[in-house]
Amino acid sequence: MVVSTVLGSKRRQDNPHGHPKKKHRFAVGTTTEDNLPVTAHLFELQVDELLRDLEQQAKANVQKIMSLLKQLRDTIADLPGREPLHPREAESHLKKTSGICTPFANLPPKDAKYTLEFAKPSTINVVGSAASETLLSRDGQITADMVVVMPSRIFQEKDYRKYRYFHKKAYYTACLAAGLHSANLEGSSLAFAMQNGNPLQPCILVRQQDSDLTVVVRIICLPPLAVFPEDEILPWMNSLPENPIVSKTPFYNSTLRSEMLALKYLGLIHRINNESTSLRKATLLFSIWLRQRGLGADLLQGGFGTFEAQALMAMMLDSNSIEGMQAVFRTRYDPIQLFKATLIFLSTRDFASSPMLYNYSMNNSTQSSPSQPLQTGNRDIIDGTSACFFDGPRMHNLFFKTSPWSMVRLRRQAEITVKCLSSNDSNRFEHCFLSKVDNSMMRYDLVLRIDIDQFLSWAKIKDDPTEKCLNFGNNLYQTLKQALSDRVQEISFSFGESTSWDIKHLVPKPHKSFRINLVFDAHQVARLQDFGPSADDKDAAAAFRQFWGAKAELRRFKDGSIQETVIWDDQISEPVTTQIIQYALSRHHNDGKSVSIQELGSSFWKQLMQPKQSRTLAPFEDIFRAFQNLEKTIRELKMPLDIRQISPASPGLRYSMPNIDAAHGLQPLQIIIQFESSGQWPDDLSAIQQVKVAFLQKLGDLLNQQESSMQTRVGLGQSTNTPFCRPFLEVMSNTYCFHIAVYHDREFVLLKSKLAGSTEERRTIIPQILYYNQMFLRAPPHTQRVKDLCTQYPLLSQSIRLFKIWCLSHLLLPHFREEILELFVIYSFNPTSPYGVPSSLRTAFLRTISMLAKWDWHNTPLFVPLNDDTENNKLMHDLETHFHAWRKIDPSLSRVALIIGSTLDPTGTAWTEQTPSKMVAARLTSLAKITHSTIMKHDLTLDPNLLFTHSYKDYDFVLHLSPHIDKISAATNLQSAIQSYIHELERVFGEIVVWFYSSENTKFVAGLWNPLVQSRKWKVNLGYSSIPTVEDAGGSDSSEPAEITAKYNTHAMLNEMVRLGGDLVTRVAMKGED
């Protein structure tokens, strides 16, 4: 009932055409059809198209597999029976006569008092996705289920105890495999597998290759209905009485009940499919959603798959299960409503600690005796080994395969998707159904590999072998959950993948190692203290000391409180989380002995230039302190006009400067000052610049008088032409270099008025308008918003800086405004993205790279929401309009290649007009794709240095510079000799060469010949050295005159570059040379 209230969606019943209009089915609330946002309509159309494609694919897949299903059914129906034999004798005889090994989870006892036999099955049915026409392909493979119901005569009433049923099932499965093997099915191969990774449920895989598609039929043996007394195999009963340690066997019993109830659940799904047309389509959506997130019914994938989702939705839609019980969902829900309602239901309840009792009635015929504690609620249904959704009508825990840790993972993915569905993000369809969210490097913040045999607690577990791995994982989860507390949002385990094996081989041994996957809480993960209970709470304090041992200590704090506390060391190389995990596992699972842990893919933060402080905002404290002191000093001065606003407009003043040392002179910190309005300002561009210079000169003089330690001087920027100079005041304060510019709003109006002039005048004025727009109108609000976001998201600052270092490593940084690179990273912090907000440096960086690798910037703009403003939807629509207008105006992308809009810039061209060029944008995409493919290839074995190592083989030429000439002292604020040389190269050859260099690595300067001007029609004064080339216009027989074109004289220009560099250039390497 909670879900239907949250959705707030109803259909009108007064439509005479039978197609009722729907209210908004995505966002919480009651939005009507008339005011639906454009993205909502688009999302509906995208989902409808996806469903049509999936339905067609499913029907085609059923047709492809139908012939194999019929062949298998006929073959199995004709198999002869086998006489009853003692379990050990039956296994030996089958192995001797057919070579088939029986897939026992554990061997039957030698003194067994029962027999194993094979008889013709009572029924053979095709079930699951093939029967409901929801059969989808996955990794070039389709898998259909065939159920073989074993005859009741081979079972006895007590077979539910001591594995007797599972021994009989394993033997029956092996006999089926022997029969199919002897039938020599053409083009087919046979293998055993564990159904959903459960060793108690062996099944047969029959594979055939159909062109480029692998067809697989999974043959599952099931017991007949009501063959065992249902009240004896409830989850809280004990079916293994010979084990004195075990008081109940929930996993064993639930596995058996799942087999007994399989046909009942299929019947329920079939009935609800007839009542609600949305169930089958919602199942298709869930199938895609689970697959993209690496979730599935397999125990090793979390134990929640398409069947669990479909059965859950069917039960929620069922209004006939128990008289007087109402359905939770409405049958009138459309597929998206049903899909979202189920996700909300999963995300808003902790099924591990608060199990759901669905339609449980005290009048059930299968209700246990009044002495059973089930009447009190949930404490005896749940035992911590699994999540619990207890199906009252069938007395079964539907989530028995879903462990507590996998339930947390499922809930978190559901929460992220619900948030995405409730947003107006235009990419939400891609985020929900198309984006792959199963890569460990991009999904988890920390992954640890641990050898399972080193734990003494593993050897001490005396449970049934089937449940041993599950119980051990759950014990580890509870320990790590208590130890890490609120430092992590998610803890999960990876025990490898379930595999199939040859029918003539024994069951493979379980994996010897496993992985611990962590998703951090970025606000808490670096905390060095764990605070326990007060010393007055004796019981809680004793429990705290029991858990932490010698690490716990009693401390008195400034407020007078005395608490149990654990302090972690920040002076060692290991992160706090790794220290905690090693200590907790050693103390509680290895009798205090050290535990060997391999940390996978965790060294990304070391790429920052100041690793000791890189994971905080601390490196910027001195910069902001210097800025605040300067601002305070300026405001105390008596200027001719009062100061209205002082705004920072620099990466160093928004926590995004990669090399903080550059703020001492190599990269000055920009500040914008705006004075109060005055009618005394002139109305001429040249005069305005002169007034600005006078103001700056006056400001500098006053600063020198106020603070003798400050050094000031006025500069005119890149141009000495008075109307277009860019005056600034350089201030050296506390070793930091600030550039102060004056903003006057009338200047922009005068600049735009010049656009009505001649073509030459427009060509001159456009760069000035672009500079004014970026410097005075866009940079200050951008700086303020990025600064706020870096405070809101602790990892955003170092994520931006790391991405800039990557761009610097690949010589891309000079071609991009730093604001563009910042927007790229901020995009990955969008809460509606499929991964959610990154909580580690690694995941933020890799998700940014993944986005760039997939972004088709030729045909799609990028919108970066900088807040949760409801107007973002309108801004995205405006951005689309601007994008299509620009592509019509500039189809060759010579002026604007990338269009990147944001909440502060709906035009999308504030930072991308004129730069980067189409060539550089394509190079960024190419490098991002290479980096992304390297990540996907190496996954957790990736060496981060590979991503930051640049290859110079793709350039047309590379100038090798002298390693002995370094930068001049930054305090002088002079460019180094090498930087001056690079600027001269750009001035002389900027039109014909695209230059790539790094301010951090001055040993190389690389170049690519500009393909746009590589071959031109010959004329005088081209501006660069060229060679005339004669080209035939129409062949040797043509009477048309030959055309003379001018091509690069590469040899001459390279010699000129060497001459300009003098002793700086040691050699020139051409493409293909080492």
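I began with an open sheet of three strands, ordered E15-E17-E16 and paired in the antiparallel sense. Strands here are DSSP runs of E with at least two residues, helices are runs of H or I with at least four, and both are numbered from the N terminus; two strands pair if DSSP finds at least two bridges between them. Because strand E15 (529–534) and strand E16 (553–556) stand at the edges with a single partner strand each, one side of each has no neighbour in the sheet. I noted an average twist of 40° from one strand to the next.

The model is predicted: local features need pLDDT of at least 70, side-chain atom pairs count only at pLDDT 80 or more, and totals for chains, interfaces and linings use all residues. Residues are numbered from 1 along each chain as its sequence is written, and side-chain values use heavy atoms, without hydrogens and water.

I next looked up E16 and strand E17 (residues 562–567), which are joined by four bridges in the antiparallel sense. Leu554 lies opposite Glu564 of E17. Helix H15 (residues 538–548) packs on this sheet and touches E15 and E17.

I then turned to strand E27 (residues 993–996). Val993 and Trp995 point one way, Val994 and Phe996 the other, and all are buried (under 20% relative accessible area, 1.4 Å probe, protein chains only). E27 pairs with strand E28 (residues 1004–1009) in the antiparallel sense over four bridges. Gly1007 in E28 is the bridge partner of Trp995.

Finally, I recorded the chain as a whole: it has 27 helices and 32 strands, and 54% of its 1074 residues count as buried.

Technical notes
Buried < 20%, exposed > 50% of the residue type's maximum accessible area, 1.4 Å probe, protein only. Axes fitted to C-alpha atoms, helices over the stretch in contact; angles between N-to-C directions. Contact = heavy atoms within 4.5 Å.
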